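Here is a short report on helix packing and charged side chains. Look at the structure first, then read on.

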Amino acid sequence: MLTDITIGQYFPGNSLLHKMDPRAKLILTFAYIVAVFVPRNWAGLSLAVAFLVMSVWLSHLPLKLIFKSLKPILPLIVFTSIINIFYVRDGLLVDWWIIHITLQGVVTAVFIAVRILCLIAGSSLLTYTTSPTALTDALERLMKPLKFLHVNVHELAMMMTIALRFIPTLI
């Protein structure tokens, strides 16, 4: 399972997403993360899912690769879902001994699971389609205004990129 972790890896390609400016990809990824957490209903979350599907299609990356990036996060999704199923109390479905499963708990568990899956798959697209060098340069350029606050932007960008780069190596 640890060999399936693809976060931080770059997969060269010639797609529209690969050719896009890395700064724009960083900004869009950040906006996507916010957009995944803002909706409180299925209509809003379905827009995030639609954007993810369109982005994966534009990246020309194999779906197998996207699913491979989701595999290591499945235990977290299962744990979160179980917690939501048993702790949300509205619309009782199963009431047996100490087990109380509610309809709202199941709906909330599925909603949170889809949200986490979108978050991981959407943010993985950034590293899949952007080389580490381009990502470092983009981070440095985007954080340039922090130099006025005496933040060493170059070192910060380099640390982030090295951390992403060595995730697969460490595993």
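Contact here means heavy atoms within 4.5 Å. The model is predicted.

**Helix packing**

Two packed helices are described by the angle between their axes and the distance between the axes. Take helix α4 (residues 63-70) and helix α6 (residues 103-129): their axes come within 9 Å and cross at roughly 120°. That angle makes α4 oblique to α6. The crossing in which α4 passes α6 is right-handed.

Which residues meet between α4 and α6? From α4 come L65, I66, S69 and L70. From α6 come L117, I120, A121, S124, L125 and Y128. Eight residues of this contact are nonpolar, two are polar and none is charged.

**Charged side chains**

Side chains of opposite charge can pair when their charged atoms come close. How many salt bridges does a search of the whole structure find? The search finds one. The side chains of R23 and D21 meet in a salt bridge, at 2.8 Å from N to O.

R165 lies in helix α8 (residues 153-170).

Are R23, D21 and R165 buried, partly exposed or exposed? The table gives the values.

| Residue | Relative accessibility | Class |
|---|---|---|
| R23 | 31% | partly exposed |
| D21 | 31% | partly exposed |
| R165 | 40% | partly exposed |

The class follows from the cut-offs: buried means under 20% relative accessible area, exposed means over 50%, and partly exposed lies in between. R165, at 40%, therefore counts as partly exposed.

Conventions
Residues are numbered from 1 along each chain as its sequence is written. This is a predicted model: local features need pLDDT of at least 70, side-chain atom pairs count only at pLDDT 80 or more; totals for chains, interfaces and linings use all residues. Side-chain values use heavy atoms; hydrogens and water are left out. Axes are lines fitted to C-alpha atoms, for helices over the stretch in contact, and angles run from 0 to 180 degrees between N-to-C directions. Helices (H or I, at least four residues) and strands (E, at least two) are DSSP runs, numbered from the N terminus. Angles under 35 degrees count as roughly parallel, over 145 as roughly antiparallel, 65 to 115 as roughly perpendicular and the rest as oblique. A crossing is left-handed if the near helix is turned anticlockwise from the far one by less than a right angle, and right-handed if clockwise. Ala, Val, Leu, Ile, Met, Phe, Trp, Tyr, Cys and Pro count as nonpolar, Asp, Glu, Lys and Arg as charged, and the others, Gly among them, as polar. Buried means under 20% relative accessible area, exposed over 50%, partly exposed in between (1.4 Å probe, protein chains only). A salt bridge is a side-chain nitrogen of Lys or Arg within 4 Å of a carboxyl oxygen of Asp or Glu.
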